[in-house]
Amino acid sequence: MDLALAERENTILGQDFLTWLWHATEARRGVFKDKDGREFNLRMEERLSVQGGDGEGLESAVVKSPSGELTEARSGLRSGKKVSRAQLRFERDPEAWQVTVKDNDFSLAGLKTPKIETRDREDDDPDARVLEKLFLIEQCLELFDGVYQEFLTVRLGPKWAEETRAMRDWIGKS
C-alpha cells in the first residue's frame, strides 16, 4: 500500500474520530462508560485544531480558549473542517487525566496523570511511585481505547449515516 495513501486514510479516520468525539462529549454531557461499565467524564479542553482542504488549499485553525468556548473551531466545523488535534480531559472520581491527541497517527502528547503521593517514607518500596505512575498512565489509555472502540463500532456499523446526520445537525446549531 502506498505510504501517502495510508497516511491520508489514517488522517481521515483520526479526524472523523476527533470530530465525532467532540460531538459525543456535548451530546452526552461528557458521560461515557469504561469497559467495566463505570461512568467517567470526558470533555474537550481549551486547545483544539480544525483542518480542511487538501494540498496547497489546506487550511487550519488552532484555538486556545481558557473559557472552553472554542467559537472559532465551531465556525471551522461549519465551513467543512474537521478536528485534527484535541486536548482531552478524562475524569473518574477522584482522578483526572489530560492528554492531547493528533488525527494522523493517534499520538498522545502531554499526558498529565493524577498527582501521586511523593513524600518519602522509610517503609515505602522504592519502586512504588513509578509503578503507581505507570498504573495511572495505563488507566488513561484504557479509557481512551474504550472510547475509540465505541467510535469504531459506530463508524464501521450500520448507524454511521445516522450518526453523521446528528453531527451535521449539531454543527449547524453550534
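Predicted model: local features only at pLDDT ≥ 70, side-chain atom pairs only at ≥ 80, totals over all residues.
The side chain of arginine 92 meets that of aspartate 34 in a salt bridge, at 2.8 Å from N to O. This pair links distant parts of the chain, since aspartate 34 sits in the loop between β1 (31-33) and β2 (39-52), while arginine 92 belongs to strand β4 (residues 82-92), 58 residues apart. Aspartate 34, at 13% relative accessibility, is also classed as buried.

Salt bridges with shared partners join Arg43, Glu45, Arg89 and Glu91 into one network.

How many salt bridges does the structure hold? There are nine, and one of them connects arginine 74 with glutamate 26, with 2.5 Å between the closest N and O atoms. Here helix α2 (residues 71-78), which carries arginine 74, is linked to helix α1 (residues 3-27), which carries glutamate 26. Arginine 74 is buried at 17% relative accessibility, whereas glutamate 26, at 32%, is partly exposed.

Finally, turning to the surface, a patch of positive charge gathers Arg47, Lys64, Lys112, Lys115 and Lys133. Lysine 112, in strand β6 (residues 108-112), is exposed at 52% relative accessibility. Among the residues that glutamine 98 touches are Glu45, Arg89 and Lys112, and glutamine 98 itself, in strand β5 (residues 95-102), is buried at 15%.

Notes:
Residues numbered from 1 in each chain as written. Heavy atoms only, no water. Patch = residues over 30% accessible without salt bridge, like charges linked within 9 Å, V, L, I, M, F, W, Y side chains within 5 Å. Areas by Shrake-Rupley, 256 points an atom, 1.4 Å probe, with all protein chains shown as cover. Salt bridge = Lys/Arg side-chain N within 4 Å of Asp/Glu carboxyl O. Lys, Arg positive; Asp, Glu negative; His and termini not counted. Charge placed at Lys NZ, Arg CZ, Asp CG, Glu CD. Helix = DSSP H or I, 4+ residues; strand = E, 2+ residues; numbered from the N terminus. Buried < 20%, exposed > 50% of the residue type's maximum accessible area, 1.4 Å probe, protein only. Contact = heavy atoms within 4.5 Å. Lists of a residue's contacts leave out its neighbours within four places in sequence.
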